[in-house]
Amino acid sequence: MTITNKGMIVAGLISLLLLSTTAARASQDTGPIQLTSMAEVENVTTDESGKQTVKRVPASKVVPGKDVIYTLVFENTGTLPGNDIVIQNPIPEHTVYKADTAGGTDTEISYSVDGGNNFASADALTVSGADGSTRQATASDYTTIRWKYTRPLPPGEKSSVEFRVVLR
Amino acid sequence: MKLFKSRGRMSASLTGLLLLVASAGAHAGGTAPGTDIDNQATLNYKVGPTDQPAVTSDGDPGTDGNQVTTFKVDRKVDLTMVSNGGATVVPNTDDQALSFTLTNTGNDTHGYLLSTIAGLDATDDDFDMASVRIYIDNGIVGTYEPGTDTPYTGGTNVGDLAPDAAINLLIVANTPGTPADTETSLYHLLAQATNAGTTTATAETAGADDTSVVDTAYAEAAGSAGAGTDDTQDGKHSASGTYTVQAATVTMAKTSAVTDDGFGTGTPNAKAIPGATVTYTLVIENTGAANARDLVITDDLQVANVTYVPSASFGAGCTGTTSESFSSPTLTLNVGIVASAATCTITYTVTIN
């Protein structure tokens, strides 16, 4: 137990050093793993023969009620593999998460209804009412989505996760 | 280590709380136009056993620094006109009202132009009303109250509505004398969204998208006025109400029988000989949905051959004030009311000269 504590303290010291080093570098986007976030909408066009084409374009003209697709791309631009990758995205203000749209290869997905303090899988998540009763949480209760990437990300590789919201 | 992680988590929690507050104030019509919708994700990872600094997402990798992913909410024009039901009317009556409610179901404040469109005779309805007008329904909803309800002048802005606000309206018209029982007259009330405080129809933004400027998009469905007049996504909506006529439909049948030949023989054997009494029976039936009022029945008696014997007898179905007057040769019978679905039977007698 004592040894473990010492080990933890040592680890703690190491990461504190890292913390200060990172602060000195200031800019986040020069770190080994980089994360970009893109917002898109789907535009449906119908040609003369009635055939519909769905095209994804960057979100710009978005009226309330329309779906917005967020794609988060994470890339390892460093020389060492990254592991235990966890991505968290608070559902943007004025939007509602669209059920079952969160996805990503090799990910375990969970949700929070309390602003990111606690996460659980969709079927395990509950909300309590004012009278103390609990019910299963629905998509409109979610405040945050979390993806755990289940494998390491080797240098030079990238992957992505995505989710959809509806603009209020 | 713990300190760094908390920092990342704390911002997520704060955003979560903000989300809860914002949701409580949202309009049914949607988020206000021009609002920025921002997104930022956080990635945590390790190299080997060691935690690395958290990474926040960049929405614009081409630009220096870490950008939040953002776009603007555009203006959504949406309006809903609803009919609050039809009206039953009696012929030859003025100021009959159809009730409507117009709601701003978009996300911005608008003014509105109103117009009425008559149903197509033979296709949609049977006749047209006269003197069709629009009023703002200020008093009791659905009831025309002169002086309380405000007349609407065509081509003007009926009044601005904020998102989610609604206004009650009336179509008021006069029923002509001609339509028959159960005939209908249909009217659409059409509204077109204008820029707030103006009579300029709100235009949908055409051309290339611009993330920094609020565009306008129409979102409403097609209304009742039909293709070409009120299509989907044209900044207009309409609903229709129907006036249905309830009239009295009156028929009369007259029969006669010799009820006393003067020597004590009655119907059916009594013959129509001088001195005999003849009884006339009038059966007046109202098969309409409205009460028939103030009926006047006249009979020209052939006074060369008969003498009128007062008085006429009015049956149970002849209600209201009943009376008769005889001014040779005309017998006039008055019945106040023959109610809907009622039968009024009147009998009167003459003697053969």
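In which strand of chain B does Met252(B) lie? Met252(B) belongs to strand β17, residues 250-260 of chain B. Helices (H or I, at least four residues) and strands (E, at least two) are DSSP runs numbered from the N terminus.

The model is predicted; local features need pLDDT of at least 70, side-chain atom pairs count only at pLDDT 80 or more, and totals for chains, interfaces and linings use all residues. Residues are numbered from 1 along each chain as its sequence is written, while chains are lettered from A and ligands numbered from 1 in the order in which they are written.

Confidence was examined in chain A. Its mean pLDDT (the predictor's confidence in each residue, from 0 to 100) is 83, and 82% of the residues of chain A reach 70 or more. Within chain A, strand β10 (residues 144-149) has the highest confidence, at 97, and helix α1 (residues 2-25) the lowest, at a mean of 41. The pLDDT is below 50 over residues 1-29 of chain A. Beyond near neighbours in sequence, this stretch has 16 contacts in the model. Two residues are in contact if their C-beta atoms, placed from the backbone, lie within 7 Å. Where pLDDT is low, predicted coordinates should not be read in detail.

Chain B contains one helix and 23 strands. Of its 353 residues, 34% are buried. A residue is buried if 20 or more other C-beta atoms lie within 10 Å of its own, exposed if 12 or fewer, and partly exposed in between. Among contacts in chain B with a separation of 6 or more, 71% join residues 24 or more positions apart.

The largest nonpolar core has 89 residues. Such a core is a set of buried Ala, Val, Leu, Ile, Met, Phe, Trp, Tyr and Cys residues joined through C-beta atoms within 7 Å. Leu43(B), Ile171(B) and Leu189(B) have the most contacts inside this core. Strand β14 (residues 184-195) of chain B gives the largest share, six residues. Beyond four places in sequence, Ile171(B) touches residues including Val132(B), Ile134(B) and Leu189(B).

Met252(B) is exposed, because 12 other C-beta atoms lie within 10 Å. Leaving aside neighbours within four places in sequence, Met252(B) contacts Leu282(B), Val283(B) and Ile284(B). Met252(B) and Val283(B) are 31 residues apart in sequence, yet 5.5 Å apart in space, C-alpha to C-alpha.

Another part of chain B forms an open, antiparallel sheet of three strands, ordered β19-β22-β21. Two strands pair if DSSP finds at least two bridges between them. Seven bridges join β21(B) to β22(B) (residues 330-338). Ser327(B) stands opposite Thr330(B) in β22(B).
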